[in-house]
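Please read them with the structure open beside you.

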Number of protein chains: 2
Amino acid sequence: MIYGHDPRTGETVGAALPETDNAGVDMIVSAAAAAGQAWRSTPADERALALEAVADALSAHVDELWQLADEETALGEARLRGEVARTAGQFRLFAQVLRDGAYVEAIIDHADPSLTPPRPDVRRMKHALPGVVAVFSASNFPFAFSVAGGDTASALAAGCPVVVKAHPGHPNTSERVAKIVRNSLPYPDLLGLVQGMQAGIDLVKHPSVVAAGFTGSVAGGKAIQKLIDEREVPIPFFGELGSVNPVVVLPSAPVEGVATGFAGSLTLGVGQFCTNPGLMFVPENDELRKALVEAVEGTSGGPMLAERIRDGYLGGVERLGELRLLAEGKPGAGSWAVTPKVFTTELDTFAEKLPEIGEECFGPASIVVTYREISDLRSVLERLDGSLTATVHGADADEAGDVVEVLGRKAGRLIWNGWPTGVAVCWAMQHGGPWPAATTTHTSVGATAIDRWLAPTAYQDWPEALLPDELKDDNPLSIPRRVDGRLEV
Amino acid sequence: MIYGHDPRTGETVGAALPETDNAGVDMIVSAAAAAGQAWRSTPADERALALEAVADALSAHVDELWQLADEETALGEARLRGEVARTAGQFRLFAQVLRDGAYVEAIIDHADPSLTPPRPDVRRMKHALPGVVAVFSASNFPFAFSVAGGDTASALAAGCPVVVKAHPGHPNTSERVAKIVRNSLPYPDLLGLVQGMQAGIDLVKHPSVVAAGFTGSVAGGKAIQKLIDEREVPIPFFGELGSVNPVVVLPSAPVEGVATGFAGSLTLGVGQFCTNPGLMFVPENDELRKALVEAVEGTSGGPMLAERIRDGYLGGVERLGELRLLAEGKPGAGSWAVTPKVFTTELDTFAEKLPEIGEECFGPASIVVTYREISDLRSVLERLDGSLTATVHGADADEAGDVVEVLGRKAGRLIWNGWPTGVAVCWAMQHGGPWPAATTTHTSVGATAIDRWLAPTAYQDWPEALLPDELKDDNPLSIPRRVDGRLEV
């Protein structure tokens, strides 16, 4: 049986839930696949309405949901209310994406008999992948990256049914969210939920599964990729894995803002964000150093999401102990509580210890690396692994020099004078980055996340009566299309 | 040493070429990576001019090129002249794609402090993958899917340097094309060429390689995927593998047109196309059967591209020998020549022999499966592997019924009353399909093939001075963009 645990006490909370056995996984995936047949051919505007119904239902249940999730995650009311709102907002954004219609990337090339060889009429658009999407929930976002998270919302939007493997950190919250979503969908089986590690393995190996989404550790991502490699028919794997999120502070950056901003971003949610700033390069500057010590000492720790995650953090902090401790925050209260810790070293020493020292330590720990000249940074930044984000702080854009060019090849999102935690859910967001930040070039947040679950089809000399509405000559859905080479809006 | 061979005689032709050793591969990839640094930041309109220079150079050398390729492939003057024109045309299409600018998918979301939480300014566009693209040439297109083929053209267009592993079927043609392309590029090292199987292995394992393109067999594709799985940093693999390209002939289709069209498509280029119609479902109809026999008997074979390919065809034909021979063409002349063969069986027998009987036999061989009722087809089509194309012949769109829905999930391109060989190079083309037709949902032909070599970056509150021109507020490049949710052309 699977139990939720209260991170404040370490005690079990909520109902005991059975692990889904192999037959159960097969039943749930098959039911999702069957529901998916109808969903796939449901017009985009009707899918949009269904997504909005899910958003409404999640919002309507926020009082119950935040409390349930708080028992299992200790993330607190404000954060969890906000996360439910964001989760509902994600469904609403994808409803907009569907109504806009550009996501199908409709292209029409009319026949041209004057060419050599003559060109037939060719039309292209994207459709949902033909099968079930498997989603592996994250520990650290019980709503926004879990049962009704961005992977699920974008896959449902695309026209795919989804089966989610619940994260053991919040099994009861997962069951409740699944029930709410299922009740809001025109075909409840479009969303299935399985519990337990073996169920996750059975899920990703199921022949009806055509793609998988995952948010978690590099080790977890590698394990799922290995399972996929063993499949008879390979499937795409959209993993968002570890990330250290380097920050470069230029000499012109204001000392006070950097120190307080860094300490706040590092310790938000007990540092349990994949966008947490785990590495910061700062100029040698006693004033900045003093401000950083003061800011970090002003922070507090708290209970982490799971015992295993807490243990992972303690191991990571021990590893970083080979550097000097710059400052630590106040210890947090609770059974699985940890203390924020910031270590420091000089650029040369850091470079010597690469690549190991550059690996993510999940939680409120970071390394502050001091440099003498901005020009010293390039060769070290070049050796960093890929990250979800890279940040620059400075008052003068010209000062950044080479730094910007290197960081542009190392991260999916570049931030100026801000902090990486907090990912805006919008059309332009890119939440991904070079390996190991992500396994593909796709994003898991924002409007274009839908593209992961779509595949194009070209129709050659296809009868008008059989063409999808998106590709009919008179454009009955009024969507943006490229016609004979020209984009028409 | 590597030698070209004349398929008509089996004798070696052209110069003996050394295999590229490990140090040579490293030197070539490193030179490409260095040239790529400058290319990556070259404005799109300058890259477009360079692509057009390559196209001009290929066209200018067509007399020399077709003769060289004919010696190594025996594909003949008309086909090879046409293929050089297509190859040049691909470079010209990508020049258009670059000038159009939509390929970067520019999106701007201005800051919105009224939202909860407040939204920063976020802008997103795609850039070239940061490194070298490895391309594995195909046997059957010495120009259009080889050194200067669609993979190379689209990767150069994206802003990536390319290193090609030459196909042993046309090593001298490959060297000559590489020289012509290198001489036309602003940085010759943007295109590198390596020869030999071990060089291909070293290439795909090189740390500076960030993606690989491949056109070839399922076995070849699996071998490269395995090498990629062994890399420390995984890379995307865009493989176009085997395809049987099912054709469904409805009872309303005109007998004569189907028979001659089928025989022509099957035997074009000695059947050496990945889009070759290897499987056709026809109604039980004596007249059609007679017409098919007559049409196939009117065809002629010819020499295949390589001894290994010829042997593969003979093995495949032996495997198909468990069915009844419907008809065969005239034997071709030459050392590696083969004879077109068409086998036949009933739907039930075919279904019993799946999945093995549904595997591709590369060359001018096909299976004609007879059915009684259209409604019998669905369950059999459902069990076919993915293909690049699926074709329907009929006079009445309504007659197609379920067939169209199933085929839509089985192939990347759907064709009505046409034949799958001949792939139009245009904006709307999709040349790909479900596994094993392709390893991803991307296309290897047409304008959107560029997307394989691009990755998005989001810029958050990024200073105007450091933004790429594509994302500056006043849109200096006049490209299509989505601004605050609205697509602007």
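At roughly what angle do the axes of helix α2 and helix α6 of chain A cross? Point 2 has the reply, after a word on what we are looking at.

1. Ground rules. This is a predicted model, in which local features need pLDDT of at least 70, side-chain atom pairs count only at pLDDT 80 or more, and totals for chains, interfaces and linings use all residues. Residues are numbered from 1 along each chain as its sequence is written, chains are lettered from A and ligands numbered from 1 in the order in which they are written, and side-chain values use heavy atoms, with hydrogens and water left out.

2. α2 against α6. In chain A, the axes of helix α2 (residues 44-60) and helix α6 (residues 171-184) cross at roughly 140 degrees and come within 8 Å. Axes here are lines fitted to C-alpha atoms, for helices over the stretch in contact, and angles run from 0 to 180 degrees between N-to-C directions. Helices (H or I, at least four residues) and strands (E, at least two) are DSSP runs, numbered from the N terminus. The angle makes α2(A) oblique to α6(A); for the cut-offs, angles under 35 degrees count as roughly parallel, over 145 as roughly antiparallel, 65 to 115 as roughly perpendicular and the rest as oblique.

3. Who touches whom there. From α2(A) come A:Ala50, A:Ala53, A:Val54, A:Ala57 and A:Leu58, and from α6(A) come A:Val177, A:Ile180, A:Val181 and A:Ser184. Contact means heavy atoms within 4.5 Å. Sorted by class, this contact has eight nonpolar residues, one polar and no charged ones. For the classes, Ala, Val, Leu, Ile, Met, Phe, Trp, Tyr, Cys and Pro count as nonpolar, Asp, Glu, Lys and Arg as charged, and the others, Gly among them, as polar.

4. α3 against α6. Helix α3 (residues 62-73) of chain A also has its axis within 8 Å of that of α6(A), with a crossing at roughly 155 degrees, and the two helices are therefore roughly antiparallel. On the α3(A) side the contact uses A:Glu64, A:Leu65, A:Leu68, A:Ala69 and A:Glu72; on the α6(A) side, A:Pro171, A:Asn172, A:Thr173, A:Arg176, A:Val177 and A:Ile180.

5. Two cis prolines. The peptide bond from A:Leu354 to A:Pro355 is cis, with omega near 5 degrees, and A:Pro355 sits in the loop between α12 (347-352) and β16 (365-371) of chain A. The bond from A:Trp435 to A:Pro436 is cis too, again with omega near 5 degrees. A:Pro436 belongs to the loop between β18 (411-416) and β19 (454-460) of chain A.

6. A:Val270, not a glycine either, has a positive phi of about 55 degrees and is in the loop between α9 (255-267) and β11 (279-283) of chain A. Buried or exposed? A:Asn245 is buried, at 0% relative accessible area, and A:Val270 is buried at 14%. Buried means under 20% relative accessible area, exposed over 50%, partly exposed in between (1.4 Å probe, protein chains only).

7. Two helices to check for burial. In helix α5 (residues 150-158) of chain B, nine of the nine residues are buried, so the helix is largely enclosed by the rest of the structure. B:Gly159 follows α5(B) and has a positive phi, near 115 degrees. Helix α14 (residues 402-410) of chain A has buried residues including A:Arg409 and A:Lys410. The buried residues of α14(A) pack against β10, α13 (377-381), β17 (387-393) and β18 of chain A, together with α1 (22-40) of chain B.

8. B:His5. This histidine lies in strand β1 (residues 2-5) of chain B and counts as partly exposed at 29% relative accessibility. Its C-alpha atom is 9.1 Å from that of B:Pro168, 163 residues away along the chain. Beyond neighbours within four places in sequence, the contacts of B:His5 include B:Glu71, B:Glu72 and B:Trp336.
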